[in-house]
Amino acid sequence: MLRAKFFAFPLFALTAAAMTVPASYARADEGEETAAEADAAAGAMQDGWNIVQNATSSPEHKTLVQAITAAGLADTLSAAGPFTVFAPTDQAFAAVPQPMTAYLMDPVNKDHLAQVLKYHVVPGTITSTDLYAKIKAGGGKTTLTTVEGEPLTFTEVEGNIKVDGTQGSSGYVTQADVAQSNGVIHVLNGVLMPTFAAAEPAADAAPAAPATEAEPAPAADPAS
């Protein structure tokens, strides 16, 4: 049972905007750090392994694996697929405000955590070549519907693929086309957020007062 509405969207939007600038706008050391992180993640993966196996072996996706396990999605992402996963790095997750992280990792909010993770997954195998072609065909923009059910928007910024979610969330693909036995991973430097449904009322909320019965109408006067 979900206990509260999601409360940190504006703060997340500011954080996401600060952390997902393209490499050409970042400081040199930030760009080098991001590139090294993406290379380390891709270098640890093997195309004969599935998405979960490779994410588990990656030194840059420990938080993602923890979230997949907590959300109960390990079996789903180990299945035949194929799936295209935009995989946020540990650095991307670390930039998410702590109250939001605590909310999502609370077992009570498992459904919302699963919703976030499914928002990073697109059915089928979509390569970067496919994305660039779709962006060009779409006049500079294209969308793909995620397993979660909402679309992600893709644009090209100075040769880089930018991915936009809802609530101001976005990220850039820092390492594309990491082959998996059940699809492909694109390493992402941001965490994408879907639109959350309103939370259900708490289980311990006070029940509504029962409706009172209407008083009976007075009997008619026999003399009238």
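Me: In this predicted model, which residue in E5 is the bridge partner of Thr155?
Reply: Strands are read as paired through their bridges, and in this case the partner of Thr155 in E5 is Lys162. Five bridges join E4 to E5, and the two strands run antiparallel.

Me: How many residues lie between the strands in the hairpin of E4 and E5, and which residue takes a positive phi?
Reply: There are two residues between these strands, and Glu158 takes a positive phi near 50 degrees. In the hairpin of E3 and E4, by comparison, five residues lie between the strands, and Gly149 has a positive phi near 115 degrees. Strands E3 (residues 142–145) and E4 (residues 151–157) are antiparallel and joined by four bridges, with Leu144 standing opposite Leu152 in E4.

Me: Is Asp164 buried, partly exposed or exposed?
Reply: The class follows from relative accessibility, with buried meaning under 20% and exposed over 50%; Asp164 counts as partly exposed because its value is 21%. Leaving out residues up to four places away in sequence, Asp164 touches Tyr119, Leu152, Thr153, Thr155, Ser169 and Ser170.

Me: Which residues touch the most other members of the largest nonpolar core?
Reply: That core has 28 residues, and those with the most contacts to other members are Val85, Leu104, Leu117, Ile185 and Met193. Among the elements that give two or more residues to this core are helix H3 (51–57), strand E1 (83–88) and strand E7 (183–188). Apart from it lies another core, of 14 residues, including Phe86, Leu152, Val163 and Leu192.

Conventions
Residues are numbered from 1 along each chain as its sequence is written. This is a predicted model: local features need pLDDT of at least 70, side-chain atom pairs count only at pLDDT 80 or more; totals for chains, interfaces and linings use all residues. Side-chain values use heavy atoms; hydrogens and water are left out. A nonpolar core is a set of buried Ala, Val, Leu, Ile, Met, Phe, Trp, Tyr and Cys residues joined through side-chain atoms within 4.5 Å. Buried means under 20% relative accessible area, exposed over 50%, partly exposed in between (1.4 Å probe, protein chains only). Contact means heavy atoms within 4.5 Å. Two strands pair if DSSP finds at least two bridges between them.
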